[in-house]
Amino acid sequence: MNSIVNFFAKAPQKFSGSAKELGKIQSIVIIAMFLALRVVLGMFGNFQLSFFPYAKLGFMFLPIALTSYYFGPVCSMVVAVAGDVLSYLMAPPAASFTPGITAGYLLEGMVVGLILYKENITVTRTAVSQVVATIIGGLAINTYFIYLIYGLTYLQVLGLRAVILIPWCIVEVAIIVIIVKTLDRVPMIKKIIS
């Protein structure tokens, strides 16, 4: 209970600290690189199981998680939203843009940023961030807009997506923890990002 109260007490400081990151040239350059990675992964780093059209799996979570960890919730929301919009603008003409799905990505970036920013990276903390972000953004919000397309009930689409997206969180957590712990060991990266 104490940790939940502590989490909400830190939230305003995490938002203000993250907003200040947007005032630093060095931070903006690195965030722009994460944004570019998010756009590329948004266009080419997704796959859909042929027998399961209700959920795409991919690696767009990685630049959002890295931005969240190093620069906080405001910056990760920028990367999530701008990355989705730019991926759509650069995508083939058959792609469709849904602002509601973009809103889901915005909330995912905010949640992960609030949980990971200025905290030690652990498997538990990362798992909580990815599961909560997936439940709020990927399942609750994005499922609604996908449900409008397929003609199934909301709960049917939610259940079908949960079967794929919740286990995928294990892969996300493993990748995030390995990459962040590796990057944190590189002295040059510590110097650039701090």
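Predicted model: local features only at pLDDT ≥ 70, side-chain atom pairs only at ≥ 80, totals over all residues.
## The largest pocket

The largest pocket has a volume of about 1,200 Å³. Its lining is made up of 43 residues. Those closest to the pocket's centre are N46, K56, M60, I101 and Y105.

Helix α6 gives the most, with 8 residues. By type, the lining divides into 25 nonpolar, 12 polar and 6 charged residues.

## A nonpolar patch on the surface

Six names make up a nonpolar patch on the surface: L22, I25, I28, V29, M33 and V78. Together they have about 540 Å² of accessible area. Helix α2 gives the most to the patch, with 4 residues.

M33 is one of the patch residues, and it lies in helix α2. Its relative accessible area is 53%. The cut-off for exposed is over 50%, so M33 counts as exposed.

## The enclosed helix α3

How many of the residues of α3 are buried? The count is 11 of 11, so α3 is largely enclosed by the rest of the structure. The buried residues are F61, L62, P63, I64, A65, L66, T67, S68, Y69, Y70 and F71.

Just after α3 comes G72. This residue takes a positive phi of about 95°.

Terms used. Residues numbered from 1 in each chain as written. Heavy atoms only, no water. 1 Å grid on protein atoms, 1.4 Å probe; cavity = no way out; pocket = protein on both sides within 12 Å on 5 of 7 lines; lining within 4 Å. Points joined across faces, edges and corners; volume = space filled by probe spheres on them. Helix = DSSP H or I, 4+ residues; strand = E, 2+ residues; numbered from the N terminus. Nonpolar A, V, L, I, M, F, W, Y, C, P; charged D, E, K, R; others polar. Patch = residues over 30% accessible without salt bridge, like charges linked within 9 Å, V, L, I, M, F, W, Y side chains within 5 Å. Areas by Shrake-Rupley, 256 points an atom, 1.4 Å probe, with all protein chains shown as cover. Salt bridge = Lys/Arg side-chain N within 4 Å of Asp/Glu carboxyl O. Buried < 20%, exposed > 50% of the residue type's maximum accessible area, 1.4 Å probe, protein only.
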